[in-house]
Amino acid sequence: MDIFEKCRKKGLVHQIRELDVYPYFHALESRQDKEVIMEGKRRIMLGSNNYLGLTTCPEVIDAGLKALEQYGTGCSGSRFLNGTLKLHLELEKELAKFLRKEDVVTFSTGFQSNLGIISAIVSRDDYVICDRENHASIYDGCKLSYGTMVRYKHGDMASLEATLQRIPETAGKLIVTDGVFSMSGDIAKLPEIVTLAKKYGARVMVDDAHGLGVLGEGGRGTASHFGLENEVDIYMGTFSKSLASLGGYMAASAEVCDYVRHASRPFIFSASITPASCATALAALKHLEAHPELVTRLNNLATYMREGLKARGVNIIDAPTPVVPIYTYEEIPTLQKAKELFERGVYVNPALPPATAPHECLLRTSLMATLTEDLLDEAMDIIKEVVL
């Protein structure tokens, strides 16, 4: 059999192209902002993870330009060898201080961070215990490790405890959960997870890609939101969302970070974060530290959006984060609604299985702190007309 045979099979992608509702790879012709030019027309951006709106912040942009001039375009090597800049070390030190952890390791992407952390920490006789709705990078990190992955029902603490009870007491155990779940916008039940971890001798890792800059004191994330900063062993996060750049990180104890630096294949064998990306992430972090009111503004807008959609009769997943998903249930109607919204000037992300459960498709909207109430009202009026 030709290994390319799978590439010729006609599936959902072929079907939605024929129906002219293909939603992917729309080309931006402007900055990532609250309003964008996409394929020649103005769109209100409700589909970005640019939560704090810092991709257009002048001081963040200026930091990237200065890093290009000083360090050039790339590092041409891994952090392990010639690819460590003073900038990398400064970013790690500043982020560790912000997150109140002993140390930080940075990775070239957020996806790679989960691959690199989990594959290094979870060994052959260990178990990694995952919420079923964890991000795909967590699943792939588990596959890359030599340990055993087991899953529990989403947000179900009875299911988590039953899963922990089945694992040998002598085995190493790492519970991994998203802090903010990227599709539904709901928050992990971290206090209960920490309690169960202590009871069964497990460690806890939180993927805070959608929590940094969104939750907690000054945007410090999910653990801070619950007052559990000293109880979570590992934070993972990205620079591609609230920090308006590219890359990822692990925050943990100094000994865990040092171990990962010397054991993580995705870290050792990948080129380091580019100078411009490193500098912009650092500048965005400093901007967040100086302007914690951005987090309050973001969450106030999220409340405004949720209340506005409910007042208009739109069925949403009601969670206290800037991710506000709208139920659309089935695949083709979801794509049709996404297309109509796009044509009428509102960009949202359609979410289909496997990103959602079957028959629970949705339109994922996500907010940024630079949006205005007037823009949200304009968008919500259009959403009402399209969805209802």
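The report below takes the cavity and then the strands.

## Basis

This is a predicted model: local features need pLDDT of at least 70, side-chain atom pairs count only at pLDDT 80 or more, and totals for chains, interfaces and linings use all residues. Residues are numbered from 1 along each chain as its sequence is written, and side-chain values use heavy atoms, without hydrogens and water.

## The cavity

The structure holds one cavity of 30 Å³ or more. A cavity is a set of points, on a 1 Å grid over the protein atoms alone, where a 1.4 Å probe fits but cannot get out. The largest cavity has about 60 Å³ of space. Volume here is the space filled by probe spheres set on the points, which are joined across faces, edges and corners.

Lining residues have an atom within 4 Å of a point. They include Arg79, His88, Gln112 and Ile273. Two elements give two or more residues each to this lining: β3 (103–107) and α11 (265–268). Helices (H or I, at least four residues) and strands (E, at least two) are DSSP runs, numbered from the N terminus. By class, the lining has five nonpolar, six polar and one charged residues. Asp, Glu, Lys and Arg count as charged; Ala, Val, Leu, Ile, Met, Phe, Trp, Tyr, Cys and Pro as nonpolar; the others, Gly among them, as polar.

## The strands

Strands β1 (residues 35–38) and β2 (residues 41–45) pair in the antiparallel sense over four bridges. Pairing requires at least two bridges found by DSSP. Met38 has Lys41 of β2 as its bridge partner. Two residues lie between the strands of this hairpin, where Glu39 takes a positive phi near 55°.

β2 also pairs with β11 (residues 346–347), in the parallel sense over two bridges. Here Met45 stands opposite Tyr347 of β11.

Conventions:
1 Å grid on protein atoms, 1.4 Å probe; cavity = no way out; pocket = protein on both sides within 12 Å on 5 of 7 lines; lining within 4 Å.
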